[in-house]
Amino acid sequence: MTKKTNQYKQPIAEIEKHYEVKDPWFYESTPDDQVRKDKILETLKGRTYKRALDIGGGEGWISKDLPAESIEVYEVSENARKRLPEGILGVTEATGKYDLIVGTGIFYQHYDYEKFLDIIKNHSSGNVLLCNIDSWIVDEVYERLGQPSTRETFPYREFTQRLEFYENI
């Protein structure tokens with residue numbers, strides 16, 4: 001029998017442990033997270049999408065408000081997927097093309113950022129919005145995506161958040 005290896009640098013069991021409780025990072029009660037969510041949604045304002053994918057979307061706090069007819073959350077945590085809002089599909093594999101891909105808090109050394117980049121490269125048929133802690137970002141990933149049409153930084157908890165919006169990837 002072949003032993004399955006974990007492709008994520010942070011063990012999935014550790015991620016599952018975080019999600020033993022609802023909203024483990026306190027997104028719903030932290031003002032900076034509401035500001036981050038508002039900035040994401042403001043960037044997407046006036047646009048509508050047929051099919052969106054939120055990579056690392058957790059319990060769907062941002063996903064549930066994306067302007068898309070169909071929303072999928074790519075999430076490794078089964079505990080998080082169980083708490084997704086009604087109408088949002090939790091997936092462990094991206095399939096087909098998405099005209100919007102969102103990734104928040106995913107391009108860090110402790111995650112499988114190469115897999116996330118591959119998902120974007122292989123499954124995007126439109127726009128990509130990324131929002132991550134600036135000092136934690138693996139910059140080579142962003143360099144491989146090209147020049148964003150929009151880039152903004154703003155205070156976020158004790159960090160600086162970087163929001164980038166790419167069109168027609």
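1. The count of salt bridges comes to 15, a salt bridge being a side-chain nitrogen of Lys or Arg within 4 Å of a carboxyl oxygen of Asp or Glu. This is a predicted model: local features need pLDDT of at least 70, side-chain atom pairs count only at pLDDT 80 or more, and totals for chains, interfaces and linings use all residues. Residues are numbered from 1 along each chain as its sequence is written, and side-chain values use heavy atoms, with hydrogens and water left out.

2. Start with lysine 17 and glutamate 20. Their side chains form a salt bridge at 3.7 Å, N to O. Lysine 17 is exposed, and glutamate 20 is too. Exposed means over 50% relative accessible area, buried under 20%, and partly exposed in between, with a 1.4 Å probe and protein chains only.

3. Next, arginine 36 and aspartate 33. Their closest N and O atoms are 3.5 Å apart in a salt bridge. Both residues sit in helix α2 (residues 31–44), three residues apart, about one turn of the helix. Helices (H or I, at least four residues) and strands (E, at least two) are DSSP runs, numbered from the N terminus. Arginine 36 counts as buried because its relative accessibility is 4%. Aspartate 33 is buried as well, at 0%.

4. Arginine 151 and glutamate 164 make another salt bridge, with the closest N and O atoms 2.2 Å apart. This pair links distant parts of the chain: arginine 151 is in strand β6 and glutamate 164 in strand β7, 13 residues apart. Glutamate 164 is buried, with a relative accessible area of 0%. Both residues belong to a salt-bridge network that also holds Asp134, Asp139 and Arg162.

5. Now the sheet. Seven strands form an open sheet in the order β3-β2-β1-β4-β5-β7-β6, with mixed pairing. Its edge strands, β3 (88–91) and β6 (150–156), each pair on one side only. From one strand to the next the twist averages 20 degrees. Two strands pair if DSSP finds at least two bridges between them.

6. Strands β4 (residues 98–104) and β5 (residues 124–133) run parallel, joined by six bridges. Leucine 100 has asparagine 127 of β5 as its bridge partner, and valine 102 stands opposite leucine 129 in β5. Strand β7 (residues 159–166) pairs with β5 in the antiparallel sense, over six bridges. There, leucine 130 faces glutamate 164 of β7. Nine of the ten residues of β5 are buried, so this strand is largely enclosed by the rest of the structure.

7. Helix α4 (residues 113–123) lies across β1 (49–55), β2 (68–74), β4 and β5, and runs at about 155 degrees to β5. Axes are lines fitted to C-alpha atoms, for helices over the stretch in contact, and angles run from 0 to 180 degrees between N-to-C directions. Together β4, α4 and β5 make a right-handed β-α-β unit. Right-handed means that, with the strands pointing away from the viewer, the path from the first strand over the helix to the second runs clockwise.

8. Last, glutamate 72. It is placed in strand β2 and is buried, at 7% relative accessible area. Its side chain makes a polar contact with the side chain of arginine 51 at 2.9 Å. A polar contact is a pair of N or O atoms within 3.5 Å; within protein, one must be able to donate a hydrogen and the other to accept it, and residues adjacent in sequence count only if both atoms are side-chain atoms. Beyond its neighbours within four places in sequence, glutamate 72 has contacts (heavy atoms within 4.5 Å) that include Leu53, Leu89, Val91 and Tyr98.
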